[in-house]
Amino acid sequence: MLRGSVRLNRRQIMDAADMRRALTRIAHEIVEQNSGAERLVLIGMHTRGVPLARRVAAIIDEFEATTPPVGELDITLYRDDLGMQARPPAVSPTNIPFPIEAKNVVLFDDVLFTGRTVRAALDALIDFGRPRTIQLGVMIDRGHRELPIRADYVGKNLPTARNEDVELRVQEIDGADSVAVATLDRPYRED
Amino acid sequence: MPLSQRNLLDLDEFGRDDIGLILDTGVSMAEILSRQIPRVPTLRGTTIANLFYEASTRTRVSFELAARSLGADVVNVTASGSSIEKGESLVDTLRTVQALGADMVVIRHRDAGAPYLAAATLDCPVINAGDGWHAHPSQALLDLYTVRTRLGRLEGIKLVIVGDILHSRVARSNIWGFARMGARIVLCGPPQLLPHEVTRFPGTDGLVTIEPNLDVAVEDADVVMALRIQQERMEGAHLPDLREYARLYSISEARLARANPDALVMHPGPMNQGVEISATIAYGNASVIEEQVTNGVAVRMAGIYLLAGGSAEAANGQ
Amino acid sequence: MASKDLLIKGARVIDPAANRDEIADVLVRAGRIEAVDPGLGIPDGAATIDATGQVVAPGLVDPHCHLRQPGFEYKETIGTGSRAAAAGGFTTICSMANTRPVADDRGVIETILEFAEREAVVRVLPLASVTMGMQGRQLVQMGELVDAGVIGFSDDGIPLPGADTMRTALEYATRFDRPIANHAEDPSLIAGATMHEGLTSTRLGLPAAPRQAEEIMISRDVLLSELTGGRYHALHLSSGGSVELIQRAKERGAPVTAEVTPHHLTLTDAIVGGREEPAAARLGPYDANTKVNPPLREPADLDLLRAALASGVIDCVGTDHAPHARHEKEVEFARADSGFSLFETAFATMLGLVHTGVLDLPALIERMTVAPARVYNLPHGTLRPGAPADIVIFDPELEWVVDRERFLSKGHNTPYHGLPMKGRALRTIFGGETVFDLAATPAATGGSVGA
C-alpha cells in the first residue's frame, strides 16, 4: 500500500498473454533446473505470489503430468519493520500442509524489490523444516536490492526509478492480468 | 482494519469487527503453534511484563507461552516475594515496570478495576488477565474462538453459563463477547448468585436472560459452560452445601441430554469434578475443555500481536 | 478586637431565621450584627462594602465534616480545613470524631479546641464519638465531654452496630440534650461493599450493597428514637427510601433530624463506571474520586432526596467534607479511602439545585444555616441583631470551573473537578472579620472565574 502518494502517469508493461508466456517459461526452467518435478514444492507468498505459484503448478502438470504441492506463506509476523508501523498489519493464513524437509522449495512473489520480504520468507520457511534448496521465482524484478538476494526465475527484468510503483494484477484477485508502472510524486517505500 | 482499542481491559468496548479480527488472527496463530518450531520472531526485542497479583498458573503460563511464541521476552512479577508483598502500591510498581522497559503489561489482580488503573498510569498497552469479579477478556475470546471453531458460527447460538454468576469475571466477559457476536445467553445458578442486572448490560439488547432452573436452562443449548465454584463461597453464607449444589447445578449426562445433540461443554478451569461438572462429561465427547486451554495460547498471541503497536512516533507520523 | 464598624450595602439579605428576604444594609459593630434594615446610614469611620446585586446571608453552617486533626494532618488540618470552609462560605463547621486518637475523651476535645482557637479562621465545633475508640461497645463519658464543649455524639464512618448500644446512647444523651448522629448502614450488609448495588456495580464487578442497608439502619434508629425520646440525627441520607422512614418517624413525634450531602443530591453511581462529558471533567472507570460512603445511588434516589430537602423532611445539608491524600485515592477502587473534599464546591453545587428549580434560594439558605444549627442546638446561622457577625456574601450567578489544584483544602479528592459551576461565595466574614475574599485571592480559591 502506498499512503498519500499521487500517481502522475501509468504505462502498461505486460498484458495477460505476456504474463502467461512468462509463467510457462518459468515452469519449464524450474523443471529443467530441478531435473523433474518429484521433489518440487511451490510456495506462494501472500498475496499475489499465491495465485502465481498455483498457475506455475498447473503448467507443470500439463507437461510433467504431476502437480507439485502448493503452499501459502504469510510473512507478516517475520517482518523487520513492525516497530515502524502505527498498528500491526493484518495476518493472512499460512498453509503449508506438507513437509518441506529435503524438498526443493520454490518461493513465489509478484515483484522483487528491496529483498526484505524474501528475507522474511526465508526465515519463516526455515521454521517449517530443512529443505534441500530454496529457490525464488518472481514475475517482475525491479531492482533496488537492499539485501544480498537474487531471483532464480524472473518473468521480466524491469529497471525502475525509486519514485515508480510496479502494479501487478492477477485475475484471481484483481479480475485481470497486467503489469504497469506508475510514476509517483514521491519515492516509493515498501511496507 | 486494526483494533479500535489500545488495551484489552474488557470486551465491552470491543465491537464485532474487533472481536472478529482477534479470532481470525487467532487462526493464523494456531497454525504457528502447530509448526515444528512453534515460534515467530515478530516481537523480538520487546518485553512483556506479567504482573500477577493473584495466583494463577494456567493463565500466567498461557500468556507467557503466547508472548514467547511471538518472540517477546517475558518478565514475571508475582505478588509473593516481591516489592508488592512489601506493600508497594500498584501505581508505584507499574511505574517501576515501565521504567525498566516493559512494552506491554499483562495484569491479573484480585480487585476489579486494577487494570484500568494500570492503563491510566502506563503509556504502553495493558491486557487484563482477570480482575476481581469484573472481567477476563482473554478467557472470553478463547471461549468465542473455541465455539466458532467447533460450531462454525456464533450468531444465533444458545450459550448457557451455569454457576456463580455474581462473582464470575468469566461470565461477565462472555456476556459482552457472545452478545456482541449475536449469540443468546442464558445465565443459570442459585438465585443469590444470579444478579438480575446482568440482563441489562448496555447493547446486549434482550440477548441475555436468567433461569435459575438448570433443567429448563439447558434445553436446546448449543454450548453449556460450567463455572468453577470457589471454595470460599461454600464456606460463606452463599450456598448451603456442595452436595445440594451438585444436585441442582452439576452438568450431568441426564441434563446434557436436554441440550442439542451436538452441544459443547466448556469450563474455564480448574474444575471441581463432581461439583459443577461430572467427570464423565468433563472427559466425554461433548467436552472441549482441553481445546479451550490450547486455543488460549493462540488467542492470547492474537491479542498481544494486535495490541503491540509500533512506536508512538510511527503512530503520529502516519 | 475593637474593629471598626462595617456596613454592607445594597444586597439582597436572606435570613430565614428572621424570615427576612429583602434588599437591605447590614451593619456590623464589634464583631456582632448591629442592625439589618433597608437604608441604614453610614456611621462615622465605618468601612463599607457595596454588595449591590449580590446576596448576603448568614455564614453557612456545616453540621458534618472531617478535619483530620489530630492524627491525619497529611490529609487536612484544622487550619487548612477552616480556610477551605471559609472559601466555601461556611463560618461554623462541626467536626466528626474519627481522628487519631478518636475524639472520645476530654483531652482530645480540648486539643481540637486549642488547635481551632489558634489556627482556625471559622468556628469549629467538635462532636465526640458515641463509643470509646468508636468500637461500638462502651459509651463515652458524655457529661464530661459536654462540659468540654462537644455539640453531639457520633461514630460517623462506622455504623453503630448494636441496637442495644444505640438505645442506651439515645437514652443517656437525653440527660444532656445532645443528639446521637449515626452513619446509618447495616454493617453485615455493607461488609466488603465498595459502592451501590445496581447495574453499574454488576457491570464493574465491584462488591456492592443495596440501598436497603441504609434503610434498615434508619428504621432501627428512628424506632429507638421513638422508644427513648432521644434526639437522633440521620447523617448523609443516600437512599430515596430513607425519606419515607424519616417522614414517618417525624409524624409519630420522634425527635429525629436528617441531613443530605451535595453529592448525594447531584451524582449517581453511574460515574463509578466513568464520565465522558464534559471532557474537562472526564473520569475513567473505577476512579476512586467517585468512591464515597454511603455510596452514590441512582436517579430515582436523587429525585426523592431533592424533594425531601425542598419539603423539609430532610432538615439540612451537610458536606461530609472528607479530605484524603492523593496516594489514598490513586489505588485500586476497593482499597481507596472513601469520601470527597467538599467545602469548596458544596455551596455552588447546592446553588445549582436552586438554578434548576429544586428549591428556592431562601429555602436553601435555611437548609444551610439555621436548620443545621438547630440540629445541634447552636445559636448560629442568623443575622439577628446581637448575633456574631458571621456572614457570607455571594453571587448566585457567578460562573466558574472547579479546579482541585486550587483548593485551599489539602484534599484534592473531588468528583467535581473540571465541572462548570454557577454561583459562589465572594466574601466570608466571621465575627466581623473577613476570612475569605475572592477578589483578594483569586488564584487560590478553587477555580477560574468566568469559564
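How many residues does the contact take from chain B and from chain C? The contact takes 21 residues from chain B and 17 residues from chain C, where two residues are in contact if their C-beta atoms, placed from the backbone, lie within 7 Å. The model is predicted, so that local features need pLDDT of at least 70 and side-chain atom pairs count only at pLDDT 80 or more, while totals for chains, interfaces and linings use all residues. Residues are numbered from 1 along each chain as its sequence is written, and chains are lettered from A and ligands numbered from 1 in the order in which they are written.

**The side of chain B that touches chain C**

- Helix H3 (90–99), helix H4 (114–121) and helix H6 (169–180) of chain B are the elements that give two or more residues to this side; helices (H or I, at least four residues) and strands (E, at least two) are DSSP runs, numbered from the N terminus.
- H4(B) gives the most to the side of chain B that touches chain C, namely four residues.
- By class, this side has 12 nonpolar, four polar and five charged residues, with Ala, Val, Leu, Ile, Met, Phe, Trp, Tyr, Cys and Pro counted as nonpolar, Asp, Glu, Lys and Arg as charged, and the others, Gly among them, as polar.

**The sheet of chain B**

- In chain B, four strands form an open sheet with parallel pairing, in the order E2-E1-E3-E4, and two strands pair if DSSP finds at least two bridges between them.
- Strand E2 (73–78) and strand E4 (126–131) of chain B are the edge strands, each pairing on one side only.
- Neighbouring strands of this sheet are turned by 15° against each other on average, direction ignored; axes are lines fitted to C-alpha atoms, for helices over the stretch in contact, and angles run from 0 to 180 degrees between N-to-C directions.
- Strand E1 (residues 47–52) of chain B pairs with E2(B) in the parallel sense over six bridges, and B:Asn50 stands opposite B:Asn76 in E2(B).
- Helix H2 (residues 57–69) of chain B lies across E1, E2, strand E3 (104–109) and E4 of chain B, and runs at about 180° to E1(B).

**The domains of chain C**

- Chain C is assigned domain 1 (6–56 + 386–449) and domain 2 (59–375), with bounds that come from an automatic or database domain assignment.
- The centres of domain 1 and domain 2 of chain C, taken over C-alpha atoms, are separated by 25 Å.
- Between these domains of chain C, 34 residues of domain 1 are in contact with 46 residues of domain 2.
- On the side of domain 1 of chain C that touches domain 2 of chain C, the largest share, seven residues, comes from E17(C).
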